[in-house]
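Thanks for passing this one along.

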Amino acid sequence: MAEAGPELSVVCKSCGSEVSPYVTECPYCGARLRKRAPKLERRGEGLEAKPRRRRRPRLGRSRLAALQGTRPYVTLAVILGSAGLLIVHRAAGESASTFAGLIVPFDSDPWRYVTAPFAYTDVGYLFVIALAIAIFVPGLERRLGSIPAAVLLLAAGGLGMLAAYGIADGRGDITVIAGGNGMALGALAAWLALRRAEAHGAVDEDFDVIGVAVAAVVLLALPIFDSSADVFAGLVGGAVGGLAGLAAAALRPAD
């Protein structure tokens, strides 16, 4: 038995005739049925309509304009402020503990929890952190705004220093903890949470997972190369940034 041809299931509104669903004009009266005929693909001995490809979700115009319009003030302030503090530290010939470093143990100066993430002992350490800040913080500023991004960085850096001090003091260490590895990992984790939320959990060609993983490994390995960097400050700072990023992603209105 020969196979049945295509089912005539489209009714022309002009003349009432049943026509093929794969035509754009009625063959009987010439009325326009649809703007574009579906693409066909061969399956076996017959032709079937090719399924439409799902388009990747895009940012709405309002959010796209916001992403393009915000200037990275916080990024510049963190990098230039840290560099200026290092220049003053070197010019004065003093130790990092004199210029905002977190001294373990200490009985005063609680403001050092906030200033220590901006204090550095050498240019190499600052360069790595500045590069990470320049990569990830502008994205946070465009998505969250400058003030929320600044609060996030201060929280990640300060809470990371608080945790690092508590652990070092509990072990009886006498040391100086400084540098923004907690801030940088917090920015990375927050950016990652927001970016994954925008992609709806899917990894596409605009999402470089390997690059992000390499950046995270480099930041976590900084204590190996610089004694003032603390691994616990980095881990806690990354956790704070990640939680903040997840919360921001959940609270952001959909386009």
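Below are my notes, from the inside of the fold to its surface.

1. First, keep in mind that this is a predicted model.

2. In general, nonpolar side chains tend to be buried together in soluble globular proteins. Here the largest nonpolar core has 30 residues, and those with the most contacts inside it are Val-78, Ile-129, Leu-140, Leu-153 and Leu-219. Helices α2 (73–92), α4, α5 (146–170), α6 (181–198) and α7 (209–220) each supply at least two residues of this core. There's also a second, separate core of eleven residues, with Leu-102, Ala-116, Met-161 and Tyr-165 among them.

3. Now click on Leu-219. Which residues does Leu-219 touch, leaving aside those up to four places away in sequence? The list is Val-128, Ile-129, Ala-132, Asn-181, Ala-184, Leu-185 and Leu-188.

4. On to the rings: a search of the whole structure turns up three aromatic pairs. One of them joins Tyr-113 and Tyr-165 edge-to-face, with 6.1 Å from centre to centre and 85 degrees between the planes. Tyr-113 sits in helix α3 (residues 112–115) and Tyr-165 in helix α5, so this pair links parts of the chain that are distant, 52 residues apart. Are these two buried or exposed? Tyr-113 is buried at 18% relative accessible area, and Tyr-165 is buried at 12%.

5. Tyr-120 and Tyr-125 pair up too: their ring centres are 5.0 Å apart and their planes meet at 80 degrees, so this pair counts as edge-to-face. Tyr-120 is buried, with a relative accessible area of 3%, and Tyr-125 is buried with 2%.

6. How many salt bridges does the structure hold? It holds three. In one, the side chains of Arg-143 and Glu-198 meet at 2.8 Å, N to O. Because Arg-143 lies in helix α4 and Glu-198 in helix α6, the pair ties together parts 55 residues apart in sequence. Both Arg-143 and Glu-198 are buried.

7. Arg-112 bridges to Asp-109, with the closest N and O atoms 3.4 Å apart. Arg-112 counts as buried at 8% relative accessibility, while Asp-109 is partly exposed at 28%. Arg-171 and Asp-173 also form a salt bridge, at 3.0 Å between the closest N and O atoms. Arg-171 is exposed at 52%, and Asp-173 is partly exposed at 27%.

8. Phe-127, Leu-131 and Ile-135 make a nonpolar surface patch of about 320 Å². Leu-131 belongs to helix α4 (residues 123–144) and is partly exposed, at 45% relative accessibility.

Key: Residues numbered from 1 in each chain as written. Predicted model: local features only at pLDDT ≥ 70, side-chain atom pairs only at ≥ 80, totals over all residues. Heavy atoms only, no water. Patch = residues over 30% accessible without salt bridge, like charges linked within 9 Å, V, L, I, M, F, W, Y side chains within 5 Å. Areas by Shrake-Rupley, 256 points an atom, 1.4 Å probe, with all protein chains shown as cover. Salt bridge = Lys/Arg side-chain N within 4 Å of Asp/Glu carboxyl O. Helix = DSSP H or I, 4+ residues; strand = E, 2+ residues; numbered from the N terminus. Buried < 20%, exposed > 50% of the residue type's maximum accessible area, 1.4 Å probe, protein only. Core = buried A, V, L, I, M, F, W, Y, C linked by side-chain atoms within 4.5 Å. Contact = heavy atoms within 4.5 Å. Phe/Tyr/Trp six-rings, centres within 6.5 Å; stacked < 30°, edge-to-face > 60°.
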